[in-house]
Every structure is written in C-alpha cells, then in structure tokens.
Amino acid sequence: MQNQKNFLTELLVTGLGGAIGGATRYLLGLVPIIGPMPVMTMLINWLGTLLLAMLGAYLASHRSRLERWQSFLGTGVLGGFTTFSTMIWQVHQQLFISVANALVYMILTLGGGLIMLKLGNYFGNKIGEAHVWIILGVAIGSALGTMLRYSVLNTWSAKSKYFTAVFIVNMVGSFALGYLMAIGATYAMHSFWTTGVIAGLTTFSTMMTQSGQYTRGQQAWYLAWQIIFGMIFFSAGTALITIL
C-alpha cells in the first residue's frame, strides 16, 4: 500500500514537472529563428542535457535532500523540456531541403549534446552542498523581490510621465544595491540580497516596455531619466556607509 502511495506521489510530481518543462519548451519555440535550420530545438536539447547531466553528477557525488526532487526536476521538468520526437520530425523536414542539411542538423544536435553531457558531469561534480542552498536562497529572494515589485506596480499612482512605479522600484533597488556593495557581506548573504531580492525587485524589461508607450522624444527622456537617477541612487547608497 505504501509503495503504491509513493508511486502515485512520484507520478503526480513528475507530471507537474513535465508540464512546466513542456510549457517552457513551447514558449521558447515561439521565438522566431532566422534560416531553415531548427536552431531552437537544438538549443533546448543542449540546455536540457547540460542541466540533467549536472543534476545526475551532483546527486551521484553528494548525499543531498535534492535527491527527493530527482523525479520532479530530472524526469519531469528536464524530461518534458527536451524532445526527441520533434528532433526526428525536424530531421525528416530537413531531408526535403537537402540531405546535407539533415546531416548537419543531426551532427550538431548529437555532437553538442555530447559536449553538454561532458560539461554537465564536470560542473555537477564541482557543485558543493553550499551552492545548492545559495541557489535556493537566490530563488527565494527573487520571489520576495518580485512579489514586492508586483505590489508596488499595482498600488502606486504615477504622479507624472516619468515618476512611475517602475522608476520607484528601480531607484530603491539601485540604492539598496549600492549600500550592500559598500558594506560587504558573506557570499551567501550577498547572493540572497543582490542576485535574489534586489534583482527580483528591479526590472529592465518592464522599463523598456513602458518606454514604448511614449513618443520617440519622450522615450529618450524616460530612459535617460532612469539611467541617470539609477546611477545617482546607487552612488547615494554607497556613500551612506560613510555617513553611518
């Protein structure tokens, strides 16, 4: 009975991981690629092989709680992320263009996969237990920063064209980053706050998207406003340590 329960749990967890991996692959597949070669599928398979090899090598050389996530991350997310059938279908498509195209595509895909396998095994063996916790810390920090940014973006009423919620989060993040860089911190805390929380709080893509709402002249002013004040707030953050 217990074995059956464990199997069903693993099945559901693996299915969830596969859904995440498959959805990610679909979204990446929407990126337009120039030329007849299906480059995106090749890149997806390379990346998936690299990450899966890293996971396998790490679990083989370390006793870690991450082992509980093997079905979710390995069989699920990365298994759903990569694809063999699409590769075969695309090889078939390349044959209609030329045999040379099909051969080049297969050689690049398989050759690159073997290189990713070697690299994944190498880096997986180099990763220590501390790195895993730092990665988890960065993930948690990013989640916190992103939720804070979401709250600000949905509650701040813009006072002008340029004094927007995006401006606020970017300036707060720049100031906080400047201060943290000046005081120094342990690598783990630095990673949590700078790579995690502050990077999750600030946003480049939303800034660029927001700039597209303006005329060309206004767009230039908006972007210049963000960069100039970002540097000012960062410098103010670094200078704060000399005052305190």
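Leu95, Val99, Leu103, Met106, Ile107 and Leu110 form a nonpolar surface patch of about 560 Å². A patch joins residues with over 30% relative accessible area and no salt bridge, linking like charges within 9 Å and nonpolar side chains (Val, Leu, Ile, Met, Phe, Trp, Tyr) within 5 Å. A salt bridge is a side-chain nitrogen of Lys or Arg within 4 Å of a carboxyl oxygen of Asp or Glu. Accessible areas come from the Shrake-Rupley method with a 1.4 Å probe, and for residues only the protein chains shown count as cover.

The model is predicted: local features need pLDDT of at least 70, side-chain atom pairs count only at pLDDT 80 or more, and totals for chains, interfaces and linings use all residues. Residues are numbered from 1 along each chain as its sequence is written, and side-chain values use heavy atoms, with hydrogens and water left out.

**The whole chain**

- The secondary structure of the protein chain consists of ten helices and zero strands; helices (H or I, at least four residues) and strands (E, at least two) are DSSP runs, numbered from the N terminus.
- The radius of gyration of the protein chain is 23 Å, well over the 18 Å that the globule rule gives for 244 residues, so the chain is more spread out than a compact globule.
- That radius is taken over C-alpha atoms, and the globule rule is 2.2 Å times the number of residues to the power 0.38.
- Along the principal axes, the C-alpha atoms of the protein chain fill a box of roughly 60 × 50 × 35 Å.
- Of the 244 residues in the protein chain, 32% count as buried; buried means under 20% relative accessible area, exposed over 50%, and partly exposed in between (1.4 Å probe, protein chains only).
- The protein chain exposes about 15300 Å², and carbon and sulfur atoms supply 72% of this area.
- Among contacts in the protein chain between residues at least 6 apart in sequence, 76% join residues at least 24 apart; contact means heavy atoms within 4.5 Å.

**Helix α5 and the patch**

- Helix α5 (residues 99–126) gives the most to the nonpolar patch, with five residues.
- Leu103 is found in helix α5 and is partly exposed, with a relative accessible area of 43%.
- The 28 residues of α5 should span 40 Å at 1.5 Å a residue, and the end C-alpha atoms are 41 Å apart, which agrees.
- The expected span of a helix is 1.5 Å times one less than its number of residues.
- Buried residues of α5 include Asn101, Ala102, Tyr105, Thr109 and Met116, and among them are also Gly112, Gly113, Gly120 and Gly124.
- These buried residues of α5 pack against α2 (39–61) and α4 (85–97).

**Helix α10**

- Helix α10 has 28 residues and reaches 41 Å from its first C-alpha to its last, close to the 40 Å expected at 1.5 Å a residue.
- Tyr222, Gln226, Gly230 and Gly237 are buried in α10, and the buried residues of this helix pack against α7 (165–183) and α9 (205–211).
- Gln226 sits in helix α10 (residues 216–243) and is buried, with a relative accessible area of 3%.
- Leaving aside neighbours within four places in sequence, Gln226 is in contact with Thr164, Val166, Phe167, Asn170, Met171 and Met207.
- Leu240 also lies in helix α10, but Leu240 is partly exposed, with a relative accessible area of 24%.
- Apart from neighbours within four places in sequence, Leu240 is in contact with Phe175 and Tyr179.
- Leu240 and Met116 are 124 residues apart in sequence, and their C-alpha atoms are 45 Å apart in space.

- Val77 lies in helix α3 (residues 70–81) and counts as buried at 17% relative accessibility.
- Leaving aside neighbours within four places in sequence, Val77 is in contact with Gly17, Gly18, Gly21 and Phe72.
- The C-alpha atoms of Val77 and Ser235 are separated by 41 Å, and the two residues are 158 residues apart along the chain.
- Thr146 lies in helix α6 (residues 129–155) and counts as partly exposed at 34% relative accessibility.
- Not counting residues up to four places away in sequence, Thr146 touches Gly200 and Leu201.
- Thr146 and Trp225 are 79 residues apart in sequence and 23 Å apart in space, C-alpha to C-alpha.
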